[in-house]
Amino acid sequence: MARSALTGTRIRERRTALGLKQADLARAAGISAAYLNLIEHNRRRVGDALMERIAQAMGVDPVALSEGAEGALFDGLREAAAAAESEGGALYQAPDLDRIEEFVGRFPAWAALLASRQARLAALERVVEAYAERMAQDPFLLTSLHEVLSAVTSLRSTAAILVETEDIEPEWRARFLQTIQEESLRLSGTAEALVGYLDEMETAETGLSSPQEQLEAWLEARAWHFPEIEAGEASVPDLIAGAPELASAAARALAEQHLAQLTNDARALPLETMHAALADLGPDPGAIVARTGAPLAQVLRRLAALPPGQPGLGQPGLVICDGSGTLTFRRPAPGFAPPRFAAACPLWPLYEALARPTQPIRALVDMAGRLPQRFLTYAVSEPRPTGFDGPLLMRATMLILPAPAEATEAPARAIGASCRICPRADCPGRREPSIVSGAG
């Protein structure tokens, strides 16, 4: 059932019209009055099961409290309002969010335009985030930018000599002119290669360059789930064959390794076992480990590989790194995008697990943004022996889930996508200034 962020407003209005006290409605719905208060002030989402109980307690149809297909439009307008508020200014006037439904009803075209502009702005911000991360870590970009700066410096110094020196011998003038020509060609060639590289990042068939990124694009196209593996009918070559995202042999090799891991996990923890555990225990990795006896890392991977729409899981994220901290697998969760190259604070629980081998780590985190979101992360590292004389390798795994309702008031760790785009100006762990307005 699609609902906008103002479902709580409708619940409050209907409760008031019926003359019900907040405490009475909360008791009938099986929740606390404090949590109902958060819902009515549009600070917490309402799941389908809870919506049914609230509607039943008030004797109304749940559809009367939901908001249909306009939910995405309302959310877009709320995000636009939050963006304007973060930019602030002396003349800024906060919009009246309680009248957002009236605005959409009276001016649907203007509302759609504002929401679409906000969506476009958010998409461009994600592009800037990706470019900023690449510019800080990508060897090709670093080398190309160095070449551009070197060529520009050479051109400026050579041109300055020609302009400022009145009497210069023809032989030296010719040499300087030749230097200008050579540096101009070097600059244009480097700039052309740089532009082509950036264009390829956005317009190539996969939009990605490394084998790991190609693997992630393929998995995302499959919704991170393979029914063929769950049914025991998987043929790895058939699953990989013809996948346009797997453009390189290295990416196909990574896909084979990933499918082999998925197959082993599915055999150890069949879909029926996981469904029963979720129904009885909820998305609690520790409880599932206690019931099944499976390793925690395997349970974390299995939860992230279940079919979409599992209760309590939402759209989970999963990150895996080796002992050096290099990410070997990256599945972003909505609102929680781990950095692809840099080591940023969203990975703190993962690295903390590396520092405390085999000890489970659970961390509640608040991701910075115009609409801050809260997540619950589970992480663990496991040794990977390579024989009696081989090195002991480590692998850390972190599962990312939306925070449950009962964790709304608990202390949480403040994090951001990366220092370069994080709006938290007073963060004690900041390593570089932010390009976000107001953050330095």
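**The interior of the chain**

Leaving aside residues up to four places away in sequence, Leu259 touches Trp218, Phe226, Ile229, Val236, Leu239 and Ile240, where a contact means heavy atoms within 4.5 Å. Please note that this is a predicted model: local features need pLDDT of at least 70, side-chain atom pairs count only at pLDDT 80 or more, and totals for chains, interfaces and linings use all residues. Residues are numbered from 1 along each chain as its sequence is written, and side-chain values use heavy atoms, with hydrogens and water left out.

Leu259 belongs to the largest nonpolar core, which has 41 residues; Trp218, Phe226, Leu259 and Leu303 touch the most other members. Such a core is a set of buried Ala, Val, Leu, Ile, Met, Phe, Trp, Tyr and Cys residues joined through side-chain atoms within 4.5 Å; buried means under 20% relative accessible area, with a 1.4 Å probe and protein chains only. Among the elements that each supply at least two residues of this core are helix H14 (249-268), helix H17 (296-304) and strand E4 (373-384). H17 gives the most, with six residues. Helices (H or I, at least four residues) and strands (E, at least two) are DSSP runs, numbered from the N terminus.

A second, separate core of 21 residues includes Cys321, Leu347, Ile361 and Met367. Cys321 is buried, at 0% relative accessible area, and Cys345 also counts as buried, at 17%.

For the chain of 440 residues, 38% count as buried. The chain has 18 helices and six strands.

Conventions: Buried means under 20% relative accessible area, exposed over 50%, partly exposed in between (1.4 Å probe, protein chains only).
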